[in-house]
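Q: Please walk me through how to read the features of this model, one at a time.

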Amino acid sequence: MNASPLIHCHHLTKHYRKGKQQVTPLQALDLKVPRGEFLALMGPSGSGKTTLLNLIAGIDSPSEGELIIDGQDISQLSRGKLSRWRAQHVGYIFQLYHLIPVLSAYENVELPLLLDSFSGRERRERVELALRLVGLEDRMHHKPKELSGGQEQRVAIARALVADPPLLVADEPTGDLDRDAAASVLQLLQELSREHGKTIVMVTHDPKAAEAADRLLHLEKGKLLESEALPA
Amino acid sequence: MLPFRYAIRNLFRDPMRLLQTLLGSLLVTLLVMGAGAFNQGMTRMLSASGDPLNVILLGAGSEESLQRSEIPDKAAGIAASTIPGIQERAGRSAVSPELHFMGYLQAPDAERVQILLRGVKAEALMVYPELSLLEGRFPRAGELMPGRMAWKSLGIPQEDLKPGMLLEFEGQSFRVSGIFAAPGTVMESEIWADLNDLRTLTQRDSLSGVTLRMQSPDHREVKLFSTRRRNLELSVVPEQEYYAGLAHFYAPIRGMTWVTALLIGVGALAGGLNTLYAAFASRIAELATLQTLGYSRAAILLSLIQEALMACLLGSLLALTLALQFLDGLTVSFSMGSFQLDMSPGVVLAGLLTGLFLGVLGTLPPALRCLVPPLPAALRSAG
């Protein structure tokens, strides 16, 4: 694991208005996540863990503070620039997979590569490699509805890593899976972190899932409570 | 840019919505092309009906309608002998005394219908060079010569209109002596009769007007004649101006066809917006996913426009096929006679532009509404 942090949050705060009230799901949060670390975030509903994940993934912008990822402060980027930044730096894994139903597994995984200038051959090689990595090379022409939940989540993971981003963020990636499928997905995330050096930030409600991570952070009312290193 | 196959596959995602969009576009395009072809056909007929060399002598005060006009019978002879510059052939002046009369005619096995009869003499052939006999010959006493479009007004099949058939007028039978053509003019819907016959039957001793064919489009001599012969109470109207006046008279009808097409189009556009909003709203989470992957809103919007545009243009192409098959050349009757709907290249282009307009304008509001929500909220959308 490289010692310089990939993610550096400094006094990170998020406010938004809900009716006449101002809500602060995240308050002056400081956090460093080293490169290659698999970090789990836990906390009750409304604790701010998903808000933090969305900020780190660049799909939301902080109200205050600095958010430096891979050496770049993304807190001031416009929506368009954040879009381009996400395509190069982040792979997002959703609880409900969010695969595009009209596209095959292969085409879903190929989507992030179409944003870059890869040749057709390069794209094919990368997609096949990603699908091989998640063990679904024999399902590449299946549509999402022809796959099981575990397989869909594996396709989503392949889609998240196909462009080789340094950071993977996962929002309850096992929340909709049965125990075996969940174990298999967690093992895959561990491999991606340990063998491929991916930095992973995962939000979960499941303590068993959190055990797969290198470190566990607890959030409550928008603040970090404790940090817990987990046994390898 | 999103792959084109994404737009194509989304097109067939909900066949009912595709059908709604396609039928909406088909209806609007068909209406626009129908209105365009109607206007084009009517305008073309009225504008083709005037010749710059022809000038009409009508009764003063009746410049707008030959049917209401009355001039003395002698006006034709006086005009022929007095006005210089009238075309001549074999010693005969191109002066056509005419009686225009809306009369009731009945063809065998058909209803009694009101139709424009024009009582003429053989000189009419000198005044209207565009007129040609398709079958038979010019009418003599007891005979009629319908234009080739008169079948529509008579309410009979086109093939039944031929020389030898009998038409009943004012309780008498008239034999059809021939069929004439005068391409694109109102005359093709008229029925011509011998001038003396028509005057006898309508008990008129006057004429409706006299049409003169001049050697040049300069009508000053004719105007001078009408000024000098005030006793004849004549008014001089160039034939082109006469039909331009008629075209102006029918402008509100043409306007109404556009207004009707526009109103139905706006209704269909509102329906289309609703359909497309429903289609896109069910995909808010999917659209947010694409943004999360790094696709810009512009790229997604473009894909949604491609999707709607394909459906709308498909509808427009179907409308075009139907219009060319069933509307082009369709004969439409109105008080002046009949004309054919004209699917000109301009009308076809207007139809295709309508599909394009519906596809783009119909997509923008619902698509933007679905792309605006913040990503975290959109990703939580139930879809």
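Q: How many salt bridges does the structure hold over all chains?
A: A salt bridge is a side-chain nitrogen of Lys or Arg within 4 Å of a carboxyl oxygen of Asp or Glu. The structure holds 22 of them over all chains. This is a predicted model, in which local features need pLDDT of at least 70, side-chain atom pairs count only at pLDDT 80 or more, and totals for chains, interfaces and linings use all residues; side-chain values use heavy atoms, with hydrogens and water left out. Residues are numbered from 1 along each chain as its sequence is written, while chains are lettered from A and ligands numbered from 1 in the order in which they are written.

Q: Which residue meets A:Glu110 in a salt bridge?
A: The partner is B:Arg5, with 2.7 Å from N to O. The pair crosses between chains: A:Glu110 is in helix 3 (residues 105-110) of chain A, and B:Arg5 is in helix 1 (residues 4-11) of chain B. Helices (H or I, at least four residues) and strands (E, at least two) are DSSP runs, numbered from the N terminus.

Q: Is A:Glu110 buried or exposed?
A: Buried means under 20% relative accessible area, exposed means over 50%, and partly exposed is in between (1.4 Å probe, protein chains only). A:Glu110 counts as buried because its relative accessibility is 7%. B:Arg5, at 28%, is partly exposed.

Q: Where in chain A are A:Arg194 and A:Asp214, and how is that pair read?
A: The closest N and O atoms of A:Arg194 and A:Asp214 are 3.7 Å apart, and the two form a salt bridge. This pair links distant parts of the chain, 20 residues apart: A:Arg194 is in helix 6 (residues 179-194), and A:Asp214 is in the loop between helix 7 (207-210) and strand 9 (215-220) of chain A. A:Arg194 is partly exposed, with a relative accessible area of 46%.

Q: Which residues are joined into one network by salt bridges that share partners?
A: The network consists of A:Glu107, A:Glu110, A:Arg123, B:Arg5 and B:Arg9.

Q: What does B:Met45 contact beyond its neighbours in sequence?
A: Contact means heavy atoms within 4.5 Å. Leaving aside neighbours within four places in sequence, B:Met45 is in contact with B:Gly184, B:Thr185, B:Val186, B:Phe334, B:Ser338 and B:Phe339. B:Met45 is in helix 2 (residues 15-48) of chain B and is buried, with a relative accessible area of 4%. The C-alpha atoms of B:Met45 and B:Gln340 are separated by 8.4 Å, although the two residues are 295 residues apart along the chain.

Q: What is the radius of gyration of chain B?
A: The radius of gyration is taken over C-alpha atoms, and the globule rule is 2.2 Å times the number of residues to the power 0.38. Chain B has 29 Å, whereas a compact globule of 383 residues would be near 21 Å. Along the principal axes, the C-alpha atoms of chain B fill a box of roughly 90 × 50 × 30 Å. Chain B has 13 helices and 15 strands, and buried residues make up 54% of its 383 residues.

Q: What share of the contacts in chain B is between residues 24 or more positions apart?
A: Of the contacts with a separation of 6 or more, such residues account for 79%.

Q: What is the phi value of B:Asp109?
A: Phi of B:Asp109 is near 60°, a positive value in a residue other than glycine. B:Asp109 is in the loop between strand 4 (95-106) and strand 5 (112-120) of chain B, and is exposed, with a relative accessible area of 86%. Phi of A:Tyr97 is near 65°, also a positive value in a residue other than glycine. A:Tyr97 is buried, with a relative accessible area of 7%.
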